[in-house]
Every structure is written in structure tokens, then in C-alpha cells.
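Subject: Model for your set-up

Hello,

Here is the model we talked about.

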Amino acid sequence: MRIDPHTHSAYSDGTESPAALMAQAARAGLDVVGLTDHDTTAGWEEAAAAVPETGVTLLRGAEISCSANGIALHLLAYLFDPDYAPLADALAHARHSRSNRTRLMVQRLAADYPITWEGVLAQAADATTIGRPHIADALVAAGAFPDRAAAFAGPLATSSPYYVPYWGLDPVDACRLVRAAGGVPVAAHPRAANRQRGLVPDETFARMAQAGLAAIEVDHRDHGPAQRDQARALAQALGLGMSGASDYHGAGKPNRLGENLMSPALLEQIVSEGALALIAP
Ligand code: AMP
Ligand code: ZN
Ligand code: FE
Ligand code: FE
């Protein structure tokens, strides 16, 4: 069974609709795909509607933006009740903060680059969760950079003076909230150093494990061999499961569907612990 549990649609910063994503998943030979847009569940319905025709089983999820004392950490949450207010409110707060911060970054960038807030909104047509990838798309559309990656290597880098952080839940609180919502939390790319301001220490993952963390991503494009070894050791030390995923963003990133996979055993655990079921054809 081929399970790719971490992908993005145009409801956040992927470039494809959930239906197109499901069709791509079928073409990539996947049996199960996890839709995990940043801080939103808005794409679930459309993805679910595409299950019968594509034959691909849907794992409903989200990737929650967390901040551990200023260090960004992404927490995947699976099969939680989307109407559980404390979690839904936190996701709405994160989306709002992202939008404000993206606007602020555009203000700063506009002093030196051909960019406007309207231009960014035009790149974020379907998105409920807006962010730096949409700024990148606007810069590319204006001819300032050849692609998203080049914009991220330049003025959109976290180390750049144009960068503005945004609010996110504390990751330990987030694990508790996800469990309270009936969901199953999995830490996304915990050792991907290239895009975060520093790394979250092992001790934080130990506290997350006590708060209900089920697994951490080991196999991810942003982890080299050394980072995979570190993530694997961390999971083993804390008795956590190990995941793998593509983190597919459509044309927005080079990540290809199915390039890393989750084991059927971990999916079975997530399903047994989650409040919602898989949506199967
Ligand atoms: P934000 O959350 O708005 O700060 O933007 C971070 C998002 O940008 C993440 O979801 C990444 O997937 C995406 N991202 C980070 N680095 C790159 C890159 N080099 N090229 C394309 N997308 C990127
Ligand atoms: Zn993303
Ligand atoms: Fe992420
Ligand atoms: Fe992601």
C-alpha cells in the first residue's frame, strides 16, 4: 500500500485544486493521500468528492503552524473534528496572523521590488491560508525572480530583513489541542534546518510526546541522511512512530507525490486513534 500523508492544495500554498491533487495521486499510483493544507480544512470536502472517481483513499489532515519560543515548527494533525472550537479558533487565529504578516512583508518589499498587495492576492485566488509562497508567485509574475525557490533564496528567506514572523500555537499546547479534538499529531520535518530560524530542541519533542505526539516525519526531502538519522534516533528515544511524505505543493516546489511514504502500520495506528475515518472509494 502506497501512502503519501502530507500534501498541499491551492487552499493553502499548493498550486492544484484538491480534485486535481487527487487525480495526480491516482496517476502517481498512490492508494492513500493525506491532504494537509496549512492551518485550514477548507479543502477536505472537494478532496472527498474526488475519492470515488479517482479511487484514491483520503486521509484528512492539516499542517498547523506552531512557534516554540520564536522557532517555527509544523505539526501535522490527522482525523480531528474540524468543529472542535478551541482548535478551529487557533487555526483561524494563525490564518489571520499569517495574512497580516504577509501584508507587512509586502509593504517592506515594495520599497525595493515590483510588488503590491493586490498582486499577491491575485496569486492566492483560492487560498484561505496566505503566505510567502504567494509573495514569491507575485515576484515571479513581475519578472523579479525565475521561480519560487529563487525568491525564497533571496528576499523571502527567514534571515532576510523583509521577513516578518507570525503567530503560532506552542507545539506542546498544539499536541494537547489536537488530541482534545480527537486528532492524531505528527511532527513535520523536525530537522529541516534550511527554512527555520534555528531548530526545536529534543527536549521540546519529549514534552510533545507526553502531550500526545504520535510520530515524527523522518523521510522528507528537506532531511538529508544526517537529519534522517537524527529524526529516527529522536523517534526511537521517545517511542514515537516514524513517518515519511512528499510534502507535495504542485508546481510550487520540486517535491513529487510518493517520493516518500508512510508505513501501513502507522496509518493503521492513526486511524485507530483518530475521531474521523478514512474516506475510501
Ligand atoms: P510561510 O509559512 O508563509 O512562512 O511560508 C512557508 C512555506 O513556504 C512552507 O509551506 C514551504 O513549503 C514553502 N517554502 C519554503 N521554502 C520554499 C522554497 N525554497 N521554494 C518553495 N516554497 C518554499
Ligand atoms: Zn507549504
Ligand atoms: Fe511544513
Ligand atoms: Fe507541508
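In this predicted model, the iron ion (ligand 3) and the zinc ion (ligand 2) are 5.6 Å apart. The iron ion (ligand 3) has E63 (OE), H74 (ND1) and H189 (NE2) as protein donors, at 2.0 to 2.2 Å; donors are N, O and S atoms within 2.8 Å of the metal (3.2 Å for Na, K and Ca), and with water not among the atoms, sites may look incomplete. Their spacing along the chain is E-x10-H-x114-H. E63 and H189 are both buried, meaning under 20% relative accessible area with a 1.4 Å probe, protein chains only.

Ligand 1 is surrounded by 15 residues, with H38, R101, R132, Y166 and K253 the closest; a residue counts if one of its heavy atoms lies within 4 Å. Seven of the shell residues are charged, four polar and four nonpolar, with Gly classed as polar and Tyr as nonpolar.

Conventions: residues are numbered from 1 along each chain, while chains are lettered from A and ligands numbered from 1, in the order written. Local features need pLDDT of at least 70 and side-chain atom pairs 80 or more, totals for chains, interfaces and linings use all residues, and side-chain values use heavy atoms, without hydrogens or water.

Regards

Terms used:
Buried means under 20% relative accessible area, exposed over 50%, partly exposed in between (1.4 Å probe, protein chains only).
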